[in-house]
Amino acid sequence: QQLITAHPPTMDEAKNKQAAEECIRNAETLDDGTEQILLKLFDIGAVKFGNFTLKSGVQSPIYIDLRLIVSFPELLKAIAEKMYALVTKNGVKFDVICGVPYTALPVATVISLLHRIPMLMRRKEVKKYGTKRIIEGVFKDGQTCLVVEDLITSGMSVMETTSPLNDVGLKTTDVVVLVDREQGGATNLKNRGITPHAVLKISSMLKCLLKAERIDMPLVAKVVSFLQSNQVIVKAEEDQKKGIDSAAAVTKQQQNATRSKTYDARSLVCKNPAAKKLLKIMAEKKTNLCFSADITDKKRLIEVVDAVGPHICMLKTHIDTLEGFDMEVAKKLRDLAKKHNFLIFEDRKYADIGNTVVLQYSKGMYRPVEWADIVNCHPLPGPGIVDGLMKNGGPAGRGLVLIAEMSSKGNLATGAYTEASVKMASEYPEFVMGFISMRKLTDNPGIIHMTPGVKLVSGTDGLGQQYKTPHSVLVDKLSDVIIVGRGIYKAEDPANEAKKYREAGWSAYQKSLSS
């Protein structure tokens, strides 16, 4: 009879186990009332353990969805009372309250009703009609407002609420929150003069659930390791104003992250043929440069593309801006793509219903399906637009890129829209090959992230375009492809300039690879 023994723990496993034990040992023990609230949250599925993709694209072993509490009146009331009791116990003085939209609004409403405290509401967007106010309700200049929040990770949502409250003359010194994920949010708020008061912290939640035998120690270790690796740092406002980085918050993991797979290795697992081919070209030619040829003259377009061809992995066109387009131009571009080994990406930005995009893609003057390896679309119309483009593009071996984010100032492709784009891509792995995005959005190796607005020196163009450097895009944000237009075709020597971008991009890519 063979004796089966567990393998000796690795150094990382031993370290994680030790961190988990320390977390449980140091965690606060919950009182009976708070413990019952937590167990109820667990039972209704508001606290889950598994593998979840967060809005940032990061994979998390824990997910907290407090939107569910509105369907459980007694639990909602108990939570509101516990939050009010906490700030009262801590001696917090305030005149009015304001819930962070949207999940915290019901909690703030219950506190307001039970304790007869005036409540204010912050709009997420200002209406173009009526009073056009962002803060609704009755208040006086100089009053103190207690902010009510359901959960804090970075603290950004709280700051997005305190800022407009301060703008209308209210003081915001404290926030009461149901759950603190202990990922840096409390520190970020304290650094900005806001004191957080949390009913629950992840550490105390883990201790309670472990004691109640709802989770085990290996899961605790997994969660603790995740939290320690994903501490969130919110940059100072003065840095934002200087334009050092448009992203207000980055995780410690993102700051120190490296690229886990090479382009070549990723090409082996791609389900889309265009993605597979592009990654192979990038590896073979040692370039992640996409040239955005916004040139309206046919002759010059061909000349410049021929000159920069050896340095690029992809040519991006806006073919409807080309004067006197005919299919002969498309043929010449295909010939150059074959000569220099690059793909053609028609930046068409489809945004219509499925039946219409079928016609736009395969009929009319341009017919991109016949000559463009890749096209893109806005996810806005829903999955029907992908189905429509896939009808002809799929059998032709083409690839589709979803516009999940944009580089222009004030664009609306953010937050939930970006999250929905990532979800849509996961439903079409054979056809959707990548994103237009400002950063890495998913760990899926078959998805290629392409970032526009890249220059060797960061800045803006005065028309809303915000430029990033190859290093910031490929090392800091872990994107895959840099898209460069004016920086190349407006140069005196486009070929030499393309060479500079190619070298800068490849150097940054190599630096981003894990050793």
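**Figure 1. The largest cavity of the model.** The largest cavity has a volume of about 40 Å³. The model shown here and in the other views is predicted. One cavity of 30 Å³ or more is present in the structure. Its lining is formed by Ala293, Ile295, Leu301, Thr317, His318, Ile319 and Leu322. Of these lining residues, five are nonpolar and two are polar, and no charged residue is found.

**Figure 2. Packing of helix α3 on helix α4.** Two packed helices can be described by the angle between their axes and the distance between those axes. Helix α3 spans residues 73-89 and helix α4 spans residues 105-115; they pack at an angle of about 70 degrees, and their axes lie 9 Å apart. Because angles of 65 to 115 degrees count as roughly perpendicular, α3 is described as roughly perpendicular to α4. On the α3 side, the contact is made by Leu76, Lys77, Ala80, Glu81, Met83 and Tyr84. On the α4 side, Pro106, Val107, Val110, Ile111, Leu114 and His115 take part. The contact residues comprise nine nonpolar, one polar and two charged.

**Figure 3. The open sheet of six strands.** The strands of this open sheet follow the order β5-β4-β3-β6-β7-β8, and their pairing is mixed. β5 (135-136) and β8 (195-201) are the edge strands; each has a single partner strand, so one side of each has no neighbour in the sheet. Strand β4 (residues 119-122) runs antiparallel to β5, and two bridges join them. Within this pair, Met121 stands opposite Glu136 of β5. Helix α5 (residues 156-167) packs on the sheet and touches β3 (96-99), β4, β5, β6 (145-152) and β7 (174-180). The direction of α5 makes about 160 degrees with that of β6.

Figure 4. Most peptide bonds are trans, and most residues other than glycine have a negative phi. The bond from Pro101 to Tyr102 is cis, with omega near 5 degrees. Tyr102 lies in the loop between β3 and α4. Lys286 has a positive phi, near 55 degrees, although this residue is not glycine. Lys286 is placed in the loop between α12 (273-285) and β11 (289-293). Lys349 is another residue other than glycine with a positive phi, near 55 degrees. Lys349 belongs to strand β13, residues 343-350.

**Figure 5. The barrel of eight strands.** Eight strands close into a barrel, with parallel pairing, in the order β11-β12-β13-β14-β15-β16-β17-β20. On average, neighbouring strands of this sheet are turned by 30 degrees against each other, direction ignored. β13 pairs in the parallel sense with strand β14 (residues 374-377) over three bridges. Glu346 has Val375 of β14 as its bridge partner. Helix α17 (residues 415-426) packs on the sheet, where it touches β15 (399-403) and β16 (432-436). The direction of α17 makes about 160 degrees with that of β15.

Conventions: Residues are numbered from 1 along each chain as its sequence is written. This is a predicted model: local features need pLDDT of at least 70, side-chain atom pairs count only at pLDDT 80 or more; totals for chains, interfaces and linings use all residues. Side-chain values use heavy atoms; hydrogens and water are left out. On a 1 Å grid over the protein atoms alone, a cavity is a set of points where a 1.4 Å probe fits but cannot get out, and a pocket is an open set with protein on both sides within 12 Å along at least five of seven lines; lining residues have an atom within 4 Å of a point. Grid points are joined across faces, edges and corners, and a volume is the space filled by probe spheres set on the points. Ala, Val, Leu, Ile, Met, Phe, Trp, Tyr, Cys and Pro count as nonpolar, Asp, Glu, Lys and Arg as charged, and the others, Gly among them, as polar. Axes are lines fitted to C-alpha atoms, for helices over the stretch in contact, and angles run from 0 to 180 degrees between N-to-C directions. Helices (H or I, at least four residues) and strands (E, at least two) are DSSP runs, numbered from the N terminus. Angles under 35 degrees count as roughly parallel, over 145 as roughly antiparallel, 65 to 115 as roughly perpendicular and the rest as oblique. Contact means heavy atoms within 4.5 Å. Two strands pair if DSSP finds at least two bridges between them.
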